[in-house]
Amino acid sequence: MRFLMILGHAHSSSTLVGILLGASPDVTFTGEEYDFFREDALEDYCTCGKKVGDCPFWAEVNKLLTKEVGPDFRKKMQNLHEGLNRDTIYFLGKKFPCDDECMRILEAYYKILYQVSGTKYLLSGTKKIYYSRRVLEKIFRNHTFKYIITVRNPFGAMASYLRRGVSFLQSLRIIGTFYIMAKLATLRKQRYVVKYENWINNPVQFFTDLSRKLNIQQPKWKIEYENNYITIQPDKQIHIFAGNKIRKKTKHVIKEDIRWKTELSPLQKLIISTTLMPIYKILHFK
Ligand SMILES: [Zn+2]
């Protein structure tokens, strides 16, 4: 089993890296996985347009997981889920709410995800960095496990966070994240660092290099920027558990007050836009 984890603080384009890398025939990107354990998860939407409960990919995962760990796994994961939402506290050293039962469910979940995906790599993303470090490494210790880490100038990220109406106190989480990032940098495990400011300059080259390093087929997609809409169409069907977000397909208008200073490619505009507004407002999966 080969597993890739995208780590990054908010507004460092980690979700976009995941979506685009997931367009490779060798990679399955499933978004931020812990949403799958919410009580109302099956009522949520997948990027294929179907409800999670009706999507062939997620329905299969749900069926196999229920069979493996029992039907009440979501209830058992509640503590973990609530804990993740307070991860700012947990990374400061409080006891992490993942007991043996949680660990068993998570392990089964990833094993089944990988099995259903049928691709070389399973790619997952998270902002919950403490969780990734402590729990995922334990789960994947016997498997190939690599990180893709997106980093951005923390002041740029904070400004972007504040622009979106997040409170100043919450925006400080970005600084806190760097503490964990610094720890990750010391890991010997193979990792790929994506610097936000660099990959904007040449995103296509970035994917060419990364694909070579991972020994995967290069991801392909069509991307258009027209009349303030950005449309992205990966070359394959992708099932991202994007929650209620990406399903809002009606309006994907780029904020009118963006004035592009230089001639940028649609992909560069997309990268910048993802940090100016929620990703669901700008992406449109055909
Ligand atoms: Zn789907």
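This is a predicted model: local features need pLDDT of at least 70, side-chain atom pairs count only at pLDDT 80 or more; totals for chains, interfaces and linings use all residues.
The protein contains 14 helices and seven strands. Of its 286 residues, 37% count as buried. Among contacts between residues at least 6 apart in sequence, 78% join residues at least 24 apart.

Five strands form an open sheet, arranged in the order β2-β3-β1-β4-β5 with parallel pairing. The edges are formed by β2 (27–32) and β5 (191–195), each of which pairs on one side only. On average, neighbouring strands of this sheet are turned by 20° against each other, direction ignored.

Helix α12 (residues 203–214) consists of 12 residues and reaches 16 Å from its first C-alpha to its last, close to the 16 Å expected at 1.5 Å a residue. Its buried residues are P203, F207, L210 and L214. These residues cover an arc of only 65° around the axis, and they therefore lie on the same side of α12. An α-helix has 3.6 residues a turn, so residues three or four places apart point the same way. The face of α12 turned away from the buried side carries the exposed residues V204, Q205, D209 and R212.

The buried residues of α12 pack against two strands of the sheet, β3 and β5, and also against the helices α1 (14–21), α11 (196–199) and α14 (266–274). Just after α12, N215 takes a positive phi of about 60°.

Conventions:
Residues are numbered from 1 along each chain as its sequence is written. Two strands pair if DSSP finds at least two bridges between them. Helices (H or I, at least four residues) and strands (E, at least two) are DSSP runs, numbered from the N terminus. Axes are lines fitted to C-alpha atoms, for helices over the stretch in contact, and angles run from 0 to 180 degrees between N-to-C directions. A residue is buried if 20 or more other C-beta atoms lie within 10 Å of its own, exposed if 12 or fewer, and partly exposed in between; C-beta atoms are placed from the backbone. Two residues are in contact if their C-beta atoms, placed from the backbone, lie within 7 Å. The expected span of a helix is 1.5 Å times one less than its number of residues. The arc is that of the directions from the helix axis to the C-beta atoms.
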